[in-house]
Amino acid sequence: MRGLMQDWPLLIPSLIEHAARYHGDEEIVSRSVEGPIHRCTYRDVSLRAKRLANALQGLGARPGDRIATLAWNGYRHLELYFAVPGIGAVCHTVNPRLFDEQIVFIINHAGDRYLFLDLSFVPLVERIAPKLASVEGYVIMTDRDHMPESALANLLCYEELIGGHNADHEWPKLDERDAAGLCYTSGTTGDPKGALYSHRAILLHTFFQCSTYGLGISNRDTAMPVVPMFHANSWGIPHVATMCGARQIYPGPKVDGASLYELIEAERVTFAAGVPTVWLGLLEFLKQSGNRFTTLERALIGGSATPRSMIETLEAGYGVEVTHAWGMTEMTPVGTTGILKKKHLGLPDEARRDKKLHQGRAVYGVELKIVDEEGNELARDGKAAGRLLVRGPWIVSAYYNSDENERFSRDGWFDTGDVATLDEDGYMTITDRSKDVIKSGGEWISSIFLENTAMGHPGVAEAGAIAVPHPKWGERPLLVVVRAKGSKVGAQEILDYMRDKVAKWQLPDEVVFVDEIPHTATGKISKKTLRERFAEGGRACARGRT
Ligand code: AMP
């Protein structure tokens, strides 16, 4: 017998319509690419998204077409987030931090018909435009006064484009399984792969993220997503904040510590989200300037492992509660969040922070398991480490337009490529990417554990651990360190500090110092670059350079 409930599709425009009706005056504040702070409301975004929807249809955009963006976090990008899927097209957010060739590959692979870009990316697009096979026109996300001189063909001005259309638009009743968003990940080997999100996946993810075990934000919050809207939907925050009518603050192109701090204070931000590198920048700024947060209550950190020292400094030093989360582009993207259980609340600070070092706890909607090399499920005892598999309604079932299938099992599990432990409460700890794990004498050494341990030393600003080949052990760990400002810490001192925290055989064989650690386009330590640079170990490399 079927239930007798109305069959309403879960569609993205319903989010902005709800916000416009019930939180119409709530502000969306953006640091614009043109410079000034821009203010508008949910009501404005809803009306402008409808004009944009009409404009897109005027340009000939049809359901299923891919419309690309190369843009920072801001209100126009938010309008695209609603208008493009709203007409049944697919909002393809492209990461501008990738290399030119990767961007060309991604846009051609997606077959994007139009490209919406911020002013900052005009030179980039001018460089690559001759190689873009499917793009019919370029829309610069600015007004007429700021339109640059450019030889780009079929160039349009965003404000003029939507200015030519009215806000009479009835969002069509699409199928909730229709594609709504597309985001490529370069996390795996080979060419970038596209995660194609459906309306349904995004809405279900948004419901979960709105809960206490998700972001836990509400209309009482002022939320600042620093994680880019071109990286895994900014962890879903634009959708979530809209669902609950939170005030939103978008930092635009300025994501250095000083600029973020200024915006947090000026706009009285209560919740902010970003990768550890962003928080490192903010904490460094606070340390140098002696400033403190006066309104920030909660920090969401993910994308890479959050070091213990960062949790401690934010919580004990600045009174900001940290939630550590884990996810992937392929997971819409959140898979686990580190909201503590009732039984952990009374723990002493140290033990509570131990819990927060985990990547978080399984949430309803995402199933997790760990398996060995043969695919046998491993114990959930917090000790056994294996390949982490996931499944659920907001996890990819295949890559867009790709034959790659080795990460998808027949019974519906997706292999994350992460190596992790799980405990009986569902707390998950990533010990490595499967390709970054250090295999010494047949045993695994967690590069993340070595990095986090080293970063507990006050003289260490950032650390990256990689495997270097070894004739006897196969591989041995090498630690690459950036010293904290003003620190003169030496290799021996770091190793002595680590000695009682890691097993003797896991201690790095070498510590080398660099001015900067290379990061990928999504803010993770680029182990690939480090491995290339230190292919023969630190000493050999230093010899080579002198
Ligand atoms: P992306 O698709 O770019 O978001 O990258 C996803 C990958 O980032 C995951 O498979 C993990 O390897 C890594 N990652 C994300 N969050 C965390 C975290 N909290 N700790 C450690 N690694 C993380």
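How many residues of domain 2 are in contact with domain 3, and how many of domain 3 with domain 2? The structure is a predicted model, in which local features need pLDDT of at least 70 and side-chain atom pairs count only at pLDDT 80 or more, while totals for chains, interfaces and linings use all residues. Residues are numbered from 1 along each chain as its sequence is written, and side-chain values use heavy atoms, with hydrogens and water left out.

The protein chain is split into domain 1 (13-29 + 41-196), domain 2 (255-433) and domain 3 (438-542), with bounds from an automatic or database domain assignment. To answer the opening question, 17 residues of domain 2 are in contact with 16 residues of domain 3, where contact means heavy atoms within 4.5 Å. The C-alpha centres of these two domains lie 22 Å apart. Between domain 2 and domain 3 there are 0 salt bridges (a side-chain nitrogen of Lys or Arg within 4 Å of a carboxyl oxygen of Asp or Glu).

Now to the ligand. It is surrounded by 15 residues, and the closest are Ala325, Thr329, Gln359, Asp418 and Arg433; a residue counts here if one of its heavy atoms lies within 4 Å of the molecule. A nitrogen atom of the ligand is found 2.8 Å from a polar backbone atom of alanine 325. For serine 304, a backbone N or O atom lies 3.5 Å from a nitrogen atom of the ligand. The side chain of lysine 524 has an N or O atom 3.1 Å from an oxygen atom of the ligand.

Note on methods: Polar contact = N/O pair within 3.5 Å; in protein donor to acceptor, adjacent residues only side chain to side chain.
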